[in-house]
Amino acid sequence: MPFQPRVAILVPAPDYEENWRPAFARKAAALAAAGLAVEQRVWTDPGDLTGFDLILPLFAWGYQRDVAVWYALLDRLAGLPVVNPVPVLRWNSDKAYLAELGAKGVAVVPTVEVAALDDASLAQARAALGAEEVVVKPAVSGGADGTHRVAPGAPIPTDALGQRRLVQPLMPGILADGEYSLFFFGGAFSHAIVKRPASGDFRVQEQFGGREARWEASAAARLLAAAALAAAPAPPVYARVDMVGDAAGVLHIMELELIEPSLFLHHAADKGAAFGRAVYAAV
């Protein structure tokens with residue numbers, strides 16, 4: 001009988017509100033088709049993971065809400081067979097990596113980090129960005145948690161006041177064209193989608209009314225994504241690269257999703273076969 005590696009996929013706690021199960025079913029099916037035996041473990045309390053051939057944090061959704069528990073888990077996972085590797089997960093957990101990408105010449109959404117957001121620091125950030133309408137978000141964030149669009153003259157949202165926050169201009173492309181996501185497995189491009197917000201919103205996530213469609217990624221988008229991924233501490237086995245256009249349509253990296261991204265495998269021509277092969281190869 002051929003070797004069937006045991007893979008633990010870290011999933012949310014039972015009381016987590018987002019419906020992660022349809023996406024889990026697609027990923028699990030792709031992994032099973034590649035010859036992997038999949039088991040679920042709750043990421044906040046996964047138990048003993050030493051018997052697994054591979055550990056995937058693919059559904060560690062909500063980690064941004066309990067950062068201390070998340071970083072403690074990464075400490076526990078050090079030395080275990082984890083994909084993506086723990087140094088990549090740790091690096092990708094805090095969006096301060098955007099400054100590192102920018103320093104390496106990668107086009108990123110302009111970002112100002114503020115240690116404790118108040119009216120004065122927000123005014124300084126607006127001046128530095130040359131933008132009046134901005135987006136304020138936590139440095140450790142996911143699913144648009146704590147992300148706010150702040151118009152000129154509007155008060156700072158209560159949950160952001162006095163907190164460490166990233167300030168970015170509201171990119172015109174998000175409203176005009178949407179946000180693009182490119183997917184890579186084992187370093188090879190797989191597929192791409194465009195996510196568009198609901199009317200009157202700027203967030204593209206499904207829970208806020210966002211919708212997605214398959215997208216034929218341009219050469220410029222692929223090159224930008226590859227440059228961003230090359231800056232990671234180690235080559236990721238799976239990756240989603242989110243980008244958005246400025247007023248001139250020039251693409252900028254919004255974020256790298258190397259921890260627990262939705263992979264939209266139903267939009268991949270092979271329905272996730274390349275994803276399964278890449279994970280199996282990492283065993």
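# A walk through the predicted model

Let us start with helix H7 (residues 219-229), whose buried residues are Ala221, Leu224, Ala225, Ala228 and Leu229. These residues sit on the same side of H7, because they cover an arc of only 130 degrees around the axis. The arc is taken from the directions that run from the helix axis to the C-beta atoms. Buried stands for a relative accessible area under 20%, exposed for over 50%, and partly exposed for anything in between, with a 1.4 Å probe and protein chains only. Helices (H or I, at least four residues) and strands (E, at least two) are DSSP runs, numbered from the N terminus.

A word on the background: this is a predicted model, in which local features need pLDDT of at least 70 and side-chain atom pairs count only at pLDDT 80 or more, while totals for chains, interfaces and linings use all residues. Residues are numbered from 1 along each chain as its sequence is written, and side-chain values use heavy atoms, with hydrogens and water left out.

Back to H7. On its other side, Ala219, Ala220 and Leu223 are exposed. An α-helix has 3.6 residues a turn, so residues three or four places apart point the same way. What lies over the buried residues of H7? The cover includes helix H4 (97-103) and the strands E8 (179-185), E11 (238-245) and E12 (251-257). Contact here means heavy atoms within 4.5 Å. Serine 218 counts as partly exposed, at 29% relative accessibility. Its C-alpha atom is 9.7 Å from that of alanine 192, a residue 26 places away along the chain.

Next come helices H2 and H3, which pack at an angle of about 165 degrees with their axes 10 Å apart. Axes are lines fitted to C-alpha atoms, for helices over the stretch in contact, and angles run from 0 to 180 degrees between N-to-C directions. H2 and H3 are therefore roughly antiparallel to each other. For such labels, angles under 35 degrees count as roughly parallel, over 145 as roughly antiparallel, 65 to 115 as roughly perpendicular and the rest as oblique. H2 passes H3 in a left-handed crossing. A crossing is left-handed if the near helix is turned anticlockwise from the far one by less than a right angle, and right-handed if clockwise. On the H2 side, the contact is made by Trp70, Tyr71, Leu74, Asp75 and Leu77, which meet Val86, Leu89, Arg90 and Ser93 of H3.

H3 is mostly covered, with six of its eight residues buried: Val86, Val88, Leu89, Trp91, Asn92 and Ser93. Their cover includes H2, H4 and E12. In the loop between H2 and H3 we find asparagine 84, which is joined to valine 83 by a cis peptide bond, with omega about 0 degrees.

Arginine 90 and aspartate 75 meet in a salt bridge (2.9 Å, N to O). Since arginine 90 lies in H3 (residues 86-93) and aspartate 75 in H2 (residues 67-77), the pair ties together parts that are 15 residues apart in sequence. Arginine 90 is partly exposed at 34% relative accessible area, while aspartate 75 is exposed at 53%. A salt bridge is a side-chain nitrogen of Lys or Arg within 4 Å of a carboxyl oxygen of Asp or Glu.

How many salt bridges does a search of the whole structure find? It finds twelve. In one of them, aspartate 242 pairs with lysine 195, their closest N and O atoms being 3.6 Å apart. This pair links distant parts of the chain, 47 residues apart: aspartate 242 is in strand E11 and lysine 195 in strand E9 (residues 188-196). Both aspartate 242 and lysine 195 are buried. They belong to a network of salt bridges that links Glu179, Lys195, Arg240, Asp242 and Glu257.

We finish with helices H1 (residues 21-33) and H8 (residues 273-281), which pack at an angle of about 60 degrees with their axes 8 Å apart. That makes H1 oblique to H8. Their crossing is right-handed. Lys27, Ala30 and Leu31 of H1 make the contact with Phe275, Gly276 and Val279 of H8.
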